[in-house]
Amino acid sequence: MKKIVVIFSFACMLFCMPSCNHSRSANKETTSYQSATDAELDEFISKIKAVDNHAHPNTINPDDKGSDALPLDGLGAIELPARVRPESQTWLDAANALYGFTGNELNEKAMKDLMDTEQNVMKNKGEKFPEWALDQAGIEVMFANRIFMGHGISSPRFRWVTYVDALLFPLSTKAEAAVTPDREKLFPLEDQLLKKYLSDLHISKLPATLDEYLKQVVTPTLEAQKKGGCVAVKFETAYLRSLDFEKVSIQSASDVYSQYVNGGEPSHEKYKLLQDFLFRYIAGEAGRLGMAVHIHSFPGAGNYFVAAGCDPLLLEPVFNDPELRHTKFVLIHGGGTFSKHTSAMLWKPNVYADISLLTQLWTPDQLATVLRDWLSQFPEKILFGTDAVSFGPGLGWEMSAWIASNTGRQALTIALSGMIRSNEITLSRAKEIATMVMRTNAGNLYKLGLP
Ligand SMILES: [Zn+2]
């Protein structure tokens, strides 16, 4: 998910005292695990120091410019699922755990108090605030999907995941943007980011040929990101176009590039040839440089999001490209409601999926159903994630990280205890799988060198 500002309209009371260690929600949602084995597993999972595969942490600077390539604030009021709406119990639980809130609704006064408390805690902790937030959620390492890192968001607790969609669109994006009202607002942001990438390389004008664009812009940008500590590059292309990236010859792509690099509007069919070529080129380069490729695969957000274009099955030709088998692909948000298609893609040796965002939008029981399908087949391919993101002042990323961490752990407990009950696995294997999902799968995939 991306930055979303939720507007509140209520009144109330809040008492604020920063709490400390990661603790499970007092108002844990009703779950179906209760035996002694389940309790032992629950306890075990609650203590695993997690690696969060995907999140959007902020610095304590209110004007945190490096945080997001495509913030959704500009899209106006967008539909949100019930679990992340302001009235949801999950926010109360997080406010209680992080800031000692004891009321039973987040009305206007409560929100104001919560904002003040959040501000005070930030002021007190200064640049240690982001690390404090990780401690509350039991997260050891959080992958920060950001344009650039910032004060307090640095290695080893935070690792950088950059944005690379802008590199797909070197030509005019006017016609591409006209497809939906959302894209009209989002494409100019990609144009700006490409300008930033060019200016970082001290290039004032796009090179005349595709070959030069690859050698002077794309590869040097990726190399600089790798040098800057990047562990993965992220495509959120599904906000901008469909994920069906065909195999296109360099000649066809070059012809389109040369014809329009100095102006003019390429047809969608022609531009797609160039975009498809560039996607596969970037994926190949990321693999060569040892960076994974993250791909947003979830039907949202945005009132004009084209859900059919984010189906993981569309990526199968990319995953099956023998030239890209050195690149590790991660389906961010696990395909969402296309989770069965994600399950089918996990057969590919270089494809993984994370549960980020699902840990916020879905209940533990809903997520457990999907996890059980994936974990019974490919337990080494599934990664924990939060998609922690700010929903506005008072509902910062630290709150959504806490919610997602707790939901993910509860879902994992439900899925694994179900597998124990049906004699698929033992308790000790369940603990092993839980550790893999929460921590070691990511440690191995990104070679994090964790103990
Ligand atoms: Zn995200």
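This is a predicted model: local features need pLDDT of at least 70, side-chain atom pairs count only at pLDDT 80 or more; totals for chains, interfaces and linings use all residues.
Residues are numbered from 1 along each chain as its sequence is written, and side-chain values use heavy atoms, with hydrogens and water left out. The structure holds 24 salt bridges. Helices H14 and H15 run roughly antiparallel to each other. Two cis peptide bonds are described below, one from serine 155 to proline 156 and one from glycine 300 to alanine 301.

**Terms for elements and exposure**

- Helices (H or I, at least four residues) and strands (E, at least two) are DSSP runs, numbered from the N terminus.
- Buried means under 20% relative accessible area, exposed means over 50%, and partly exposed lies in between (1.4 Å probe, protein chains only).

**Salt bridges**

- A salt bridge here is a side-chain nitrogen of Lys or Arg within 4 Å of a carboxyl oxygen of Asp or Glu.
- Lysine 431 and glutamate 40 pair through their side chains at 2.7 Å, N to O. This pair links distant parts of the chain, with lysine 431 in helix H15 (residues 427-445) and glutamate 40 in helix H1 (residues 36-46), 391 residues apart.
- Glutamate 40 counts as partly exposed because its relative accessibility is 39%.
- Aspartate 276 and arginine 241 also form a salt bridge, at 2.7 Å from N to O. Here too, distant parts of the chain are linked: aspartate 276 is in helix H9 (residues 268-289), while arginine 241 is in the loop between strand S4 (230-235) and helix H8 (250-260), 35 residues apart.
- Aspartate 276 and arginine 241 are both buried.
- A network of salt bridges links Arg241, Asp244, Lys272 and Asp276.
- Arginine 288 bridges to glutamate 285, with the closest N and O atoms 2.9 Å apart. Both residues lie in helix H9, three residues apart, about one turn of the helix.

**Helix packing**

- Two packed helices are described by the angle between their axes and the distance between the axes.
- Axes are lines fitted to C-alpha atoms, for helices over the stretch in contact, and angles run from 0 to 180 degrees between N-to-C directions.
- Angles under 35 degrees count as roughly parallel, over 145 as roughly antiparallel, 65 to 115 as roughly perpendicular, and the rest as oblique.
- Contact means heavy atoms within 4.5 Å.
- For residue classes, Ala, Val, Leu, Ile, Met, Phe, Trp, Tyr, Cys and Pro count as nonpolar, Asp, Glu, Lys and Arg as charged, and the others, Gly among them, as polar.

*H14 with H15*

- The axes of helix H14 (residues 397-421) and H15 come within 10 Å and cross at roughly 150°. The two helices are therefore roughly antiparallel.
- From H14, Arg409, Leu412, Leu416 and Ile420 meet Leu427, Ala430, Ile433, Ala434, Val437 and Met438 of H15. By class, this contact has nine nonpolar residues, no polar and one charged.

*H2 with H14*

- Helix H2 (residues 89-99) and H14 have axes that come within 9 Å and cross at roughly 110°. These helices are therefore roughly perpendicular.
- On the H2 side, the contact residues include Trp91, Leu98 and Tyr99; on the H14 side, they include Met399, Trp402 and Ile403. The classes are nine nonpolar, two polar and two charged.

*H13*

- Buried residues in helix H13 (residues 364-375) are Pro364, Leu367, Ala368, Val370, Leu371, Trp374 and Leu375.
- They pack against helix H11 (339-345), strand S7 (351-354), helix H12 (358-361), strand S8 (382-383), H14 and H15.

**Backbone geometry**

- The serine 155 to proline 156 peptide bond is cis, with omega about 10°. Proline 156 sits in the loop between strand S2 (139-145) and strand S3 (158-163).
- A cis bond also joins glycine 300 and alanine 301, with omega near 5°. Alanine 301 is in the loop between strand S5 (292-296) and helix H10 (316-319).
- Leucine 357 is not a glycine, yet its phi is positive, near 70°. This leucine lies in the loop between S7 and H12 and is buried, with a relative accessible area of 1%.
- Asparagine 423 has a positive phi of about 60°. Its place is the loop between H14 and H15, and asparagine 423 is exposed at 71% relative accessible area.
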